[in-house]
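Have a look at the model before reading on.

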Amino acid sequence: MNLLILKQISILSAFAGAILGFITVIPYISAISFFVLILFLSAFVLTYLKQNDLIGIISIREGCLFGAIIGFVSFLAFSVVYTPISMILGWLIPSYTQGFMRFFLTGGLGSTVVMLLLIIFMAGISALFNGFSGLITAYIYELITGMKKGADENTSIDFEIK
């Protein structure tokens with residue numbers, strides 16, 4: 001696996017997660033953008049990378065791994081952007097605060113720990129669903145192009161475990 005591709009995928013998914021964090025603040029669009037973040041973001045990112053020739057032929061296993069990385073990183077970036085904006089808007093407009101953010105406005109160490117645990121748990125769920133979405137995307141590209149990554153290309157090792 002190429003480390004340059006991993007860096008590109010991480011940066012692009014963090015950027016997409018931050019954009020979705022800003023969009024989710026809008027009340028009527030929030031559910032749609034949140035479900036795109038949780039379920040389909042890896043398909044969009046992998047399609048973008050494929051259309052711009054930033055990645056070559058990827059196997060189904062790599063598609064699943066890339067999707068999981070996209071899901072985890074994008075949800076962390078989403079949380080970094082969405083949580084402070086939602087809390088600030090909750091302090092300014094008490095009727096605005098959406099969902100479970102209402103419970104964390106009081107502050108304190110306990111609510112901060114619970115919030116961090118929820119963010120990590122949801123990032124794991126996002127990685128799971130986006131891994132499956134990335135797997136399906138890689139499989140569809142494999143069906144459309146008819147090109148599979150050969151067995152000799154999968155044996156390359158970028159790092160050694162000592």
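Is Phe-78 buried or exposed? Phe-78 is buried, with a relative accessible area of 4%; buried means under 20%, exposed over 50% and partly exposed in between, using a 1.4 Å probe and protein chains only.

A bit of housekeeping: this is a predicted model, where local features need pLDDT of at least 70, side-chain atom pairs count only at pLDDT 80 or more, and totals for chains, interfaces and linings use all residues. Residues are numbered from 1 along each chain as its sequence is written, and side-chain values use heavy atoms, with hydrogens and water left out.

**Rings**

Searching the whole structure turns up 5 aromatic pairs. Rings of Phe, Tyr and Trp (its six-membered ring) pair if their centres lie within 6.5 Å; planes under 30 degrees apart are stacked, over 60 edge-to-face, and the rest tilted.

| Pair | Centre to centre | Angle between planes | Type |
|---|---|---|---|
| Phe-34 and Phe-75 | 6.2 Å | 70 degrees | edge-to-face |
| Phe-34 and Phe-78 | 5.8 Å | 50 degrees | tilted |

Phe-34 sits in helix α2 (residues 30-51) and Phe-75 in helix α3 (residues 60-92), so their pair ties together parts 41 residues apart in sequence. Helices here are DSSP runs (H or I, at least four residues), numbered from the N terminus. Phe-78 is in α3 too, and its pair with Phe-34 in α2 links parts 44 residues apart. Phe-34 is partly exposed at 25% relative accessible area, while Phe-75 is buried at 5%. Phe-34, Phe-35, Phe-75, Phe-78 and Tyr-82 make up one aromatic cluster.

**Core**

What does Leu-41 touch, leaving aside its neighbours within four places in sequence? Leu-41 is in contact (heavy atoms within 4.5 Å) with Ala-16, Leu-20, Val-36, Ile-70, Ser-74 and Asn-130.

**Helix α1**

Both Ala-16 and Leu-20 are among the buried residues of α1, as are Ile-5, Leu-6 and Ile-9. The cover over the buried residues of α1 includes α2 and α3.

Definitions and conventions: Helices (H or I, at least four residues) and strands (E, at least two) are DSSP runs, numbered from the N terminus.
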